[in-house]
Amino acid sequence: MKILLTFDVEVWCNGWYDLDKAFPKSFERYVYGHSSKGDYALPKTLEILNQHGLHGVFFVEPLFAARFGQQYLDTIVQLILAAGQEVQLHLHPEWTDEITPALIPNNEDKRQHLSYYDLDEQTALIAHGKKMLEEAGAGPITTFRAGSFAANRDTFIALQRNGIYIDSSLNRFYAVSGSDLRPEYDLLTPMLIEGVYSYPVTVFRDGFGREKPAQVAGCSFAELRGAMLNGWRVGQEMFVIVSHNFELLKPDSAQPDMIVVNRFEQLCTFLAAQQYRLPTVGYSDCDPVVVKPPRLAMPRASKLATTRRYAEQLLRRL
């Protein structure tokens, strides 16, 4: 079973007021995470991956740099490439109304999700984001993930128009993701949509039977390990894990969240030892899907693993 370790790389100013004043400090936190213990945003994430010889796919959001300057995007892309990791396209269109000159004609209202934009608007925004990443030296952009997983059918048509034929936007856990696709697709298994290969974020059942997306900050290591091994045993083809550039940090702080840091290190140690059966790969290494695959049982984690998550959450709050 192939493992997709994916990271959504974003920069936010924690609001939309006085952006120019807030941006420098926000950029330092989200990209570097400077602290007395080290740089626990992108640098530490890349360091841990490379210590274990693992491949990561970094979905980088470029539209913030259309507001503040291409040089900031260049910095992020070169940081990832220098670590030997892969850069692909992530898009949060809520930056659109902050950008001058306008990227699309209807540029006045803040619309959070890509699915709130029509086909031509999505096509234009994806084209601009792709161009910005390529100008930053990212290389050919072949894979896409919508911000907040908010893709719809038009997103896949817009991707095809832009020559991007792999997507990993769909996440069954969030209602905004693929809302118009759900009558036809379960959003669990790889699928072909409008000529684009879709590899959804993995959703598993936790120890109490509830659906849970495979995200580093939201699951215990025991849950992720259990769900991966269960998926491997039942014949699942791939397992897509999500993280972010800021997940190793405490909320609204540049200080490391050592519970999540230790969880990520445990995950990487486990995967390094399991490369013979759970190799970490890029999306281009996945087999194309040409027909609807048979529905497999959703991976599961144990009650003990989920209880461990509750205990970790309590410790983090304390």
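Analyst: The discussion below takes the sheet and then the aromatic rings. Please note that this is a predicted model.

User: In what order do the strands of the open sheet run?

Analyst: In general, strands of a sheet pair through backbone hydrogen bonds, in either a parallel or an antiparallel sense. Here eight strands form an open sheet with the order 8-9-7-6-5-4-1-12, and the pairing is mixed. Strand 8 (191–193) and strand 12 (238–244) are at the edges with a single partner strand each, so one side of each has no neighbour in the sheet.

User: In which sense do strand 5 and strand 6 pair?

Analyst: Strand 5 (residues 86–91) and strand 6 (residues 143–146) are parallel, joined over three bridges. Within this pairing, Leu89 has Phe144 of strand 6 as its bridge partner.

User: How is the geometry of an aromatic pair, such as Phe23 and Phe27, to be read?

Analyst: Planes under 30 degrees apart count as stacked, those over 60 as edge-to-face and the rest as tilted. The planes of Phe23 and Phe27 stand at 45 degrees, with ring centres 5.6 Å apart, so this pair is tilted. Both residues, Phe23 and Phe27, are buried.

User: What arrangement do the rings of Phe68 and Trp95 adopt?

Analyst: Their planes are at 80 degrees and their centres 5.8 Å apart, so the pair is edge-to-face. Phe68 belongs to helix 3 (residues 63–68), whereas Trp95 lies in the loop between strand 5 and helix 5 (119–135); the two are 27 residues apart.

User: Which aromatic cluster includes Phe68 and Trp95?

Analyst: One cluster comprises Trp12, Trp16, Phe23, Phe27, Tyr32, Phe64, Phe68, Tyr72 and Trp95.

Definitions and conventions: Residues numbered from 1 in each chain as written. Predicted model: local features only at pLDDT ≥ 70, side-chain atom pairs only at ≥ 80, totals over all residues. Heavy atoms only, no water. Pairing = 2+ DSSP bridges. Helix = DSSP H or I, 4+ residues; strand = E, 2+ residues; numbered from the N terminus. Phe/Tyr/Trp six-rings, centres within 6.5 Å; stacked < 30°, edge-to-face > 60°. Buried < 20%, exposed > 50% of the residue type's maximum accessible area, 1.4 Å probe, protein only.
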